Amino acid sequence: NYYPTLTFPRTRIPQILRDRPYCVLTVGATGHVRTIPARDWNIIISYVRAQGLLPVFLGKSILTEIYAAKFAKEIRYEDGLDLRERTSPLEAAAIMQHAEFTLGLDNGNLHLAALMQDSRVIFGHNIASVEHRAPRRTHGRTINLAVDKSELACTGCQSRWYQFHAHQFDKCFYAPS
């Protein structure tokens, strides 16, 4: 019921990151409903830079033959170290292990970060509830964030629907087509 623990030495991360504090931002999204708007990412980027952290961007656009992630063009990638499309899963895992934290909205890289010994993960939830998607781990630290239903009625909608076969959750069921 718990994630295994992986660990990599600091020598497995790029030289540019070895002697400086950095955080990882997983800005890619596989569907509109799993997207943090670029303007909000840019606020986060400005904040972490003001804290003395280098934002590092990780992710891949092609995940499988039929499953892909998108990266907003309006995100200020030039304000950090852009390693999107440039790391293997194991390289990304090592980078996330040694980061001050990894932050994103319910994506595979957050789960990968949660495997890492002593990693700190800030895991945003929206359509799937914390109880169904939060990493179960015995190591490191995870902060799960979700908007309360009083602020967004559809929070956790995917977790509340059962036996609904005609809908793909990459789009909002209630949004106009």
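Arg76 counts as partly exposed, because its relative accessibility is 27%, which falls between the 20% limit for buried and the 50% limit for exposed. Bear in mind that this is a predicted model. The side chain of Arg76 forms a salt bridge with that of Asp79, with an N to O distance of 2.7 Å.

How many salt bridges does the count come to? It comes to 2. Besides the Arg76 and Asp79 pair, there is one between the side chains of Arg84 and Asp82, at 2.7 Å from N to O. Are Arg84 and Asp82 buried or exposed? Both are buried.

Now the packing. The largest nonpolar core contains 23 residues. Leu17, Tyr22, Val24, Val56, Leu58, Ile95 and Met96 have the most contacts inside this core. Two or more residues each come from strand S1 (22-26), strand S2 (54-57), helix H3 (89-97), helix H4 (108-115) and strand S5 (120-125). Which element gives the largest share? That is H3, with 5 residues.

Take Leu58 as an example. Leaving out residues up to four places away in sequence, Leu58 touches Val24, Leu25, Thr26, Val27, Phe71, Leu83, Arg84, Thr87, Ala92, Ile95, Met96 and Asn109. So that list includes Arg84, which is the buried arginine paired with Asp82, if we apply the under 20% limit for buried.

There is also a second, separate core of 15 residues, with Phe71, Ile75, Phe101 and Ile122 among them. Phe71 is also one of the residues that Leu58 touches.

That's it from me.

Notes
Residues are numbered from 1 along each chain as its sequence is written. This is a predicted model: local features need pLDDT of at least 70, side-chain atom pairs count only at pLDDT 80 or more; totals for chains, interfaces and linings use all residues. Side-chain values use heavy atoms; hydrogens and water are left out. A nonpolar core is a set of buried Ala, Val, Leu, Ile, Met, Phe, Trp, Tyr and Cys residues joined through side-chain atoms within 4.5 Å. Buried means under 20% relative accessible area, exposed over 50%, partly exposed in between (1.4 Å probe, protein chains only). Helices (H or I, at least four residues) and strands (E, at least two) are DSSP runs, numbered from the N terminus. Contact means heavy atoms within 4.5 Å. A salt bridge is a side-chain nitrogen of Lys or Arg within 4 Å of a carboxyl oxygen of Asp or Glu.
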